[in-house]
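Subject: Handover of a structure and notes on its contents

Dear colleague,

Please find the structure below, handed over for your study. My notes on what was found in it follow directly after it.

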Amino acid sequence: MSGPSEVPQPAFPRQRRSSAASARFYSRGVSVCLAAPLVVALAIGFVYPVTRLVGLSFEGGSLEQYRRLVAEPLYLGVLASTVKVAVVVTIASLLLGFPVAYLMARLRHGIAMVVAACVFIPLWTSVLVRSYAWVVLLQRNGIVNTLLADAGITDGPMKLIYTQGAVIVAMTHVLMPFMILPIYSTLRTLPPDYNRAARNLGAGAFRAFISITLPLSLPGVFAGSVLCFVLALGFYITPALVGGPGSMLMATLIGQQTTVLLDWPFAAALSTVLLTVTLIFVFLFRKTLSLSKGLHSVH
Amino acid sequence: MSTDLTHSTNRLSPVRDLYDSAAVQVFAKAFGVTILAVVIGCVLFFLLLPTLIVIPMSLSEKDYIEFPPSGFSLKWYRAYFSDPDWMAATWFSLKIALATTAAATIIGTMASLAIVRGRLPFSSALQALALGPMIVPHIVLGVALYLVFSPLQLTGNFFGFLIAHTVLATPYVMITVTAALQRFDPALELAALNCGANRLQAFVLVVLPNIAPGVAAGAVFAFLASFDEATVAFFISDIGGKSIGRKMFEDIDFNLTPVIAAVSTVLVVISLLLMGAIHLANAQKRG
């Protein structure tokens with residue numbers, strides 16, 4: 001967007017320009033009317049319920065629920081392992097996803113489409129279907145255990161499901177497309193000339209990648225990482241089905257408080273903590289996660 | 001001297017340069033490419049396998065889940081389509097998803113117009129807030145909505161689901177429609193206005209056909225966002241009304257039968273068909 005000072009403005013079309021500009025945009029009244037249904041929907045379906053939930057955690061104006069949360073090492077442990085799992089899932093998605101994104105951006109159109117399909121098909125398949133597949137793959141007499149035993153690697157079935165390892169593997173699988181797509185959309189906009197120029201100047205393929213392609217892909221890497229991390233923090237379905245009591249995360253703890261123990265004020269406090277952590281992250285990285293780079297490229 | 005000369009001619013001829021370096025590095029390159037291909041192949045296998053494995057599992061003859069499946073039968077599909085609980089959940093979800101698609105597409109398109117082409121106070125704040133439901137953990141939203149809906153008897157209720165899923169699906173519409181509007185040249189609309197069309201005519205006859213692929217893509221995403229949504233649906237379902245996601249969650253947790261594989265296959269096929277339709281529509285538009 002060039003500022004008006006940079007563009008030499010002839011004097012005469014000025015009036016025409018401003019009338020064109022006014023026709024170009026809807027009037028304020030029309031704009032507000034167009035946005036009104038969204039505002040109403042967000043108010044009743046999003047802002048009000050979340051505000052009520054946060055309010056419930058401070059029930060009676062006391063910090064009682066938060067005191068309980070801080071006093072019990074179990075709950076702080078759950079918060080810590082939630083962050084840990086999110087970090088591990090993000091790093092695993094980055095290491096596994098980057099080569100795929102690179103390939104998608106570099107290959108000829110036809111083959112790139114096949115790779116893209118491998119990324120998009122899981123992305124638009126229900127999380128439930130994918131979590132179910134992991135339950136089946138990892139269960140006691142499941143495929144993974146059978147294969148490992150047949151290959152002579154293990155003697156008998158190992159306990160794979162309902163462990164933190166299972167949660168990490170399944171969540172990496174579910175969230176990896178959110179890493180691949182922002183990296184891909186950054187890499188795709190890099191002109192191949194940069195890489196070629198580096199090679200012409202004597203850099204090897206590896207050197208050209210390290211000093212040219214990788215630094216230029218960092219915006220996508222950051223966007224994908226923040227997206228992955230934030231989504232991993234609040235993930236419910238996959239850890240609820242694949243994880244067990246020993247691998248409790250914030251989301252599954254909230255689920256347990258609401259569906260089993262029916263302790264709503266405490267669940268509200270846990271939700272408020274999870275929400276706050278998420279929002280702090282989103283706020284810190286809001287530039288990285290801006291519409292064009294982060295959420296947008298998921299389509 | 002002579003080496004210098006070859007060197008400089010190489011520099012001057014990029015084709016030659018490329019050929020020479022390719023000849024020298026061919027082995028190292030082949031090695032690196034092979035390793036990279038194997039790694040990427042494994043990752044793609046990892047991505048795709050758990051999505052597609054439900055298909056052979058759903059065709060198994062046995063009552064328990066085994067792989068590779070022995071025999072071939074459609075009995076789990078028969079079981080799915082003849083079970084009143086599964087059918088009730090499916091129809092309930094389908095009705096919600098269709099209503100959500102309509103509501104989210106209309107609300108999202110209107111708001112995108114206001115944001116891209118309008119003079120809207122607090123435009124960027126509204127945009128950030130509208131994307132909020134994508135970022136806020138769905139478990140938080142689910143618990144919050146249950147809390148508000150429960151006393152109003154909106155749990156397990158069509159309208160409760162419609163409100164919740166519309167809020168969740170609208171961001172997808174706004175992302176695709178905003179992008180389509182930003183690619184659209186407003187001069188075309190000005191031309192229509194100049195030729196005597198009013199605002200509404202200009203929108204219906206000029207703007208809408210041009211942003212239609214974006215609106216259609218947003219509608220498909222909205223449908224899937226509702227139909228495949230599980231976390232919020234888990235909390236706002238009850239005995240009276242249960243979405244297919246809630247029903248699946250319960251069965252995976254308590255009653256793991258190949259019927260779930262059959263239901264999963266149906267969901268995968270629906271997603272694939274819708275995504276394929278979008279892809280074809282976009283390819284046609286481009287071609």
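The UniProt record (an unreviewed entry) places the feature "transmembrane region" at residues 26–55, 96–116, 128–149, 161–181, 202–225 and 259–281 of chain B. UniProt positions are given here in the numbering of this structure, feature names are shortened, and annotations may be inferred rather than shown by experiment. Please note that this is a predicted model: local features need pLDDT of at least 70, side-chain atom pairs count only at pLDDT 80 or more, and totals for chains, interfaces and linings use all residues. Residues are numbered from 1 along each chain as its sequence is written, while chains are lettered from A and ligands numbered from 1 in the order in which they are written.

Two of these spans may be described further. Residues 96–116 of chain B are 100% helix and 0% strand, with end C-alpha atoms 29 Å apart. Residues 259–281 of chain B are also 100% helix and 0% strand, and their end C-alpha atoms lie 33 Å apart. Helices (H or I, at least four residues) and strands (E, at least two) are DSSP runs, numbered from the N terminus.

Chain A contains 13 helices and zero strands. Of its 299 residues, 44% count as buried. A residue is buried if 20 or more other C-beta atoms lie within 10 Å of its own, exposed if 12 or fewer, and partly exposed in between, with C-beta atoms placed from the backbone. The UniProt annotation "domain: ABC transmembrane type-1", from an unreviewed entry, covers residues 79–285 of chain A. That span is 79% helix and 0% strand, and its end C-alpha atoms lie 21 Å apart.

How do the two chains meet? In all, 72 residues of chain A are in contact with 72 residues of chain B, where contact requires C-beta atoms, placed from the backbone, to lie within 7 Å. Helix H2 (residues 28–57) of chain A supplies the largest share of the side of chain A that touches chain B, namely 19 residues. That side of chain A has 54 nonpolar, 14 polar and four charged residues. Here Ala, Val, Leu, Ile, Met, Phe, Trp, Tyr, Cys and Pro count as nonpolar, Asp, Glu, Lys and Arg as charged, and the others, Gly among them, as polar.

Helix H6 (residues 127–138) of chain A has 12 residues, which at 1.5 Å a residue should span 16 Å; its end C-alpha atoms are 16 Å apart, which agrees. The expected span is 1.5 Å times one less than the number of residues. Because 12 of the 12 residues of H6(A) are buried, this helix is largely enclosed by the rest of the structure.

Leu249(A) is located in the loop between helix H11 (237–242) and helix H12 (250–259) of chain A. Is Leu249(A) buried or exposed? Leu249(A) counts as buried because it has 30 C-beta neighbours inside 10 Å. Leaving aside neighbours within four places in sequence, Leu249(A) has contacts that include Val78(A), Ser81(A) and Pro239(A).

Tyr162(A) lies in the loop between helix H7 (143–150) and helix H8 (164–189) of chain A, and is partly exposed, with 18 C-beta neighbours inside 10 Å. Phe122(B) is in the loop between helix H5 (84–117) and helix H6 (123–135) of chain B, and is exposed, with 11 other C-beta atoms within 10 Å.

A colleague

How values were computed:
Contact = placed C-beta atoms within 7 Å.
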